[in-house]
Amino acid sequence: VREASPALPLTAVPVRLTATEAAAAANMAAATPPAEEGGEEPGGAGDDSYVHAPHGLFPCPIPPGGEGPATVLAHFSFLGRLMGKALLDQRHVDLPLALPFFKRMVGGRLSLDDLALIDPPLHAALRGMRELAGRRDAAARAGGG
């Protein structure tokens with residue numbers, strides 16, 4: 001971008017938000033804990049103010065009766081604009097998204113095996129349940145056939 005328009009400073013690129021996106025950003029800001037200065041490093045004992053996602057972040061499904069799709073879409077739209085502005089400003093935004101999230105963003109279909117990259121214990125439990133159901137069906141076919 002800088003090579004295409006060397007006279008335009010990247011910090012001067014305006015970002016316009018719709019009213020819905022601005023409201024979503026305000027809601028997110030209101031829910032964000034204040035910044036901590038000094039103190040111990042993130043991940044210390046008793047530290048629950050940081051997100052620890054060893055397998056990356058993946059959006060939570062919309063619960064029934066929860067936020068409407070328009071609000072969720074506004075959150076994602078705001079996040080997209082934030083990431084776009086960070087790219088323009090050549091700023092690093094530490095947002096460790098899970099690999100299956102990237103797969104879905106580019107149009108890929110997710111499978112049970114993708115869950116292993118997000119939540120390995122849940123994947124192991126569901127895979128075990130699937131194997132048990134398969135054995136039950138095979139036993140029913142063998143005994144009933």
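Residues are numbered from 1 along each chain as its sequence is written, and side-chain values use heavy atoms, with hydrogens and water left out.

The protein chain contains five helices and zero strands, where helices (H or I, at least four residues) and strands (E, at least two) are DSSP runs numbered from the N terminus. Read from the N terminus, the order of elements is α-α-α-α-α. Of the 145 residues, 14% count as buried; buried means under 20% relative accessible area, exposed means over 50%, and partly exposed lies in between (1.4 Å probe, protein chains only). Among contacts with a separation of 6 or more, 54% join residues 24 or more positions apart, a contact being heavy atoms within 4.5 Å.

The confidence of the prediction deserves attention. The mean pLDDT, the predictor's confidence in each residue from 0 to 100, is 73 for the protein chain, and 62% of its residues reach 70 or more. Over residues 8-13 pLDDT stays under 50, and the model has eleven contacts beyond four places in sequence for them. Where pLDDT is low, the predicted coordinates should not be read in detail.

How many aromatic pairs does a search of the whole structure find? The search finds one. Rings of Phe, Tyr and Trp (its six-membered ring) pair if their centres lie within 6.5 Å; planes under 30 degrees apart count as stacked, over 60 as edge-to-face and the rest as tilted. Because Phe76 belongs to helix α2 (residues 69-88) and Phe101 to helix α3 (residues 99-105), the pair ties together parts that are 25 residues apart in sequence. Phe76 is partly exposed, at a relative accessible area of 37%, whereas Phe101 is buried, at 10%.

Helices α2 and α3 each supply at least two lining residues, and the largest share, four residues, comes from α2. By class, the lining has eight nonpolar, one polar and no charged residues. Here Ala, Val, Leu, Ile, Met, Phe, Trp, Tyr, Cys and Pro count as nonpolar, Asp, Glu, Lys and Arg as charged, and the others, Gly among them, as polar.

Leu97 is partly exposed, with a relative accessible area of 23%. Beyond its neighbours within four places in sequence, Leu97 is in contact with Gly56, Leu57 and Phe102. The C-alpha atoms of Leu97 and Phe58 are 6.3 Å apart, although 39 residues separate the two along the chain.

Gln90 is also placed in the loop between α2 and α3. Gln90 has a positive phi of about 55° although it is not a glycine, and at 57% relative accessibility Gln90 counts as exposed.

Note on methods: Predicted model: local features only at pLDDT ≥ 70, side-chain atom pairs only at ≥ 80, totals over all residues.
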